[in-house]
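Subject: Structure handover

Hello,

I am passing this structure on to you. Please open it before reading further.

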Amino acid sequence: MISLSPLQARRIALGAQGFTRSRPSGPVTSRHLNAAIARLGFFQIDSVNVLQRAQYLPLFSRMGAYDVDLIHRAAGRAPRRLFEYWAHEAALVDVNLWQALQFRMESGARMWGNMARIIEQKPDFVAWVLEEVRTNGPLTAREVEHEAPRDNDNWGWNWSEVKMALEYLFYKGEVTAARRNSQFERVYDLPERVLPPHVRAQPPLDAEQAHVELVRHAAAALGVGSAQCLRDYFRLQPEPTARAISTLVDAGELLPGTIAGWKRPVFLHAEAARPRRVQARALLSPFDPLIFERTRTEVLFDFRYRIEIYVPEHKRVHGYYVLPFLLGDRLVARVDLKADRAAGVLRVNSAWAEPHAPESTAAELADELALMAGWLGLDSVSAPQRGDLAADLSGALPTP
């Protein structure tokens with residue numbers, strides 16, 4: 001039984017997530033992107049664009065400024081490295097995980113009401129939508145809608161039903177996303193026209209094999225975590241996850257252990273690095289896999305984090321789109337950010353320090369904000385007006 005302190009576990013987690021590696025001294029290349037994809041497994045997608053869409057932020061956090069067209073090419077052109085599917089949530093996923101996620105496509109376990117209802121009530125309509133994509137794809141939902149029959153007595157068709165049918169087919173893996181267009185709409189096509197031949201040639205995995213593969217990947221990506229953490233990474237069900245963990249423990253790939261102060265047993269990936277020191281500096285997306293399991297974040301980093309997008313403005317504590325700030329091996333601050341593209345300004349609406357934040361926090365954060373502003377094509381960073389770090393950060397930022 002392995003016994004870890006929160007500090008040891010935190011450093012293991014940071015190493016597994018790629019934060020012990022120096023950022024590239026030159027341009028970020030497809031080689032860097034491919035390494036991040038293999039390590040993390042996916043980039044979670046979110047449509048909120050107040051700062052930058054969530055799928056672009058994890059690579060910036062680890063690599064610094066880069067050309068986002070790297071991700072566009074990886075997700076939309078051959079040789080494709082990413083496909084779109086439901087992983088933790090909607091995500092750009094490593095193509096090498098296609099087989100492991102087919103159990104979800106076949107089971108429909110996470111399919112919500114509208115998708116289930118459309119195939120039950122209007123299977124002929126769903127078949128027509130699939131044939132439309134097969135014959136004329138790649139197509140957006142609006143393009144399918146333009147061609148859809150208007151015989152309401154037959155199908156009771158409307159635009160939302162086209163979208164429901166496409167989302168059902170997408171969930172089942174019968175269509176996939178060839179790319180996103182400039183309006184952030186999925187452009188649907190058949191998997192055989194999108195996925196690389198070597199991926200399609202791989203033999204299928206049954207549900208038990210798929211869970212072993214996904215838990216193995218989650219364990220490597222997390223370094224250490226509880227059964228809940230391993231399950232949450234790909235949003236798996238408890239019982240098959242428990243069986244997969246037992247299989248990997250028996251194989252010596254996972255080592256049972258404990259983290260001081262946490263009642264839950266944990267599992268350490270047998271090949272996880274155990275860094276003695278971490279010198280990271282990064283602003284983290286709310287959807288970054290380092291922190292999206294909030295209980296683990298609180299245990300490892302002593303950092304309670306809740307996204308407040310859906311909280312009424314007058315009830316928000318820290319702000320609308322708040323990014324934790326990683327410095328060394330601690331989360332030391334958080335900032336509410338907005339990219340004001342019209343004014344060319346990265347607006348820091350508020351800035352807050354953790355009790356353990358070192359004296360260098362404001363200066364380091366100012367440098368990271370300047371890096372982010374440049375990456376986003378913004379000219380300056382505004383001084384924050386709110387928060388207990390606001391005065392120090394304002395003094396550290398360059399004068400516009």
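Below are the findings, from the whole protein down to single residues.

This is a predicted model, in which local features need pLDDT of at least 70 and side-chain atom pairs count only at pLDDT 80 or more, while totals for chains, interfaces and linings use all residues. Residues are numbered from 1 along each chain as its sequence is written, and side-chain values use heavy atoms, with hydrogens and water left out.

Overall build

The protein has 17 helices and 14 strands. Both kinds of element are DSSP runs numbered from the N terminus (helices are H or I, at least four residues; strands are E, at least two). The C-alpha trace spans about 70 × 55 × 45 Å along its principal axes. For 400 residues, a compact globule would have a radius of gyration near 21 Å, and the 22 Å of the protein agrees with that. The radius is taken over C-alpha atoms, and the globule rule is 2.2 Å times the number of residues to the power 0.38.

Of the 400 residues, 54% are buried. Buried means under 20% relative accessible area, exposed over 50%, and partly exposed in between (1.4 Å probe, protein chains only). Among contacts (heavy atoms within 4.5 Å) between residues at least 6 apart in sequence, 65% join residues at least 24 apart.

Two strands count as paired if DSSP finds at least two bridges between them. Strand 7 pairs with strand 9 (residues 266-269) in the antiparallel sense, over three bridges. In that pairing, Ser 226 has Val 266 of strand 9 as its bridge partner.

Strand 11 (residues 322-328) is mostly covered, with seven of its seven residues buried. Strand 10 (residues 280-283) runs antiparallel to strand 11 and is joined to it by four bridges; Ala 282 has Leu 326 of strand 11 as its bridge partner. Strand 11 is also joined to strand 12 (residues 330-340), by six bridges and again antiparallel. Strands 11 and 12 form a hairpin with one residue between them, and Pro 324 stands opposite Arg 334 in strand 12.

Aromatic rings

The structure holds 13 aromatic pairs. Rings of Phe, Tyr and Trp (its six-membered ring) pair if their centres lie within 6.5 Å; planes under 30 degrees apart count as stacked, over 60 as edge-to-face and the rest as tilted. One of these pairs is Phe 83 with Trp 98, which is edge-to-face at 5.1 Å centre to centre and 70° between the planes. Phe 83 lies in strand 3 (residues 82-86) and Trp 98 in helix 5 (residues 98-107), so the pair ties together parts that are 15 residues apart in sequence. Both Phe 83 and Trp 98 are buried. Helix 5 is largely enclosed by the rest of the structure, because seven of its 10 residues are buried; among them are Leu 101, Phe 103 and Arg 104.

Elsewhere, Phe 42, Tyr 233, Phe 234 and Phe 292 form one aromatic cluster.

A charge sits over a ring if NZ of Lys or CZ of Arg is within 6 Å of the ring centre and within 35 degrees of the ring normal. The charged end of Arg 186 sits over the ring of Phe 170, 4.0 Å from its centre. Arg 180 lies over the face of Phe 184, at 4.3 Å from the ring centre.

Backbone details

Phe 184 also has a phi near 65°, a positive value in a residue other than glycine. Phe 184 is in the loop between strand 5 (176-180) and strand 6 (186-189) and is buried, with a relative accessible area of 16%. Arg 235 is not a glycine either, and its phi is positive, about 55°. This arginine is in the loop between helix 13 (227-233) and helix 14 (238-250) and is partly exposed, with a relative accessible area of 29%.

A cis peptide bond joins Ala 78 and Pro 79, with omega about -5°. Pro 79 lies in the loop between helix 4 (69-76) and strand 3. Gly 137 and Pro 138 are also joined by a cis peptide bond, with omega about 5°. Pro 138 is in the loop between helix 7 (123-136) and helix 8 (141-147).

Regards
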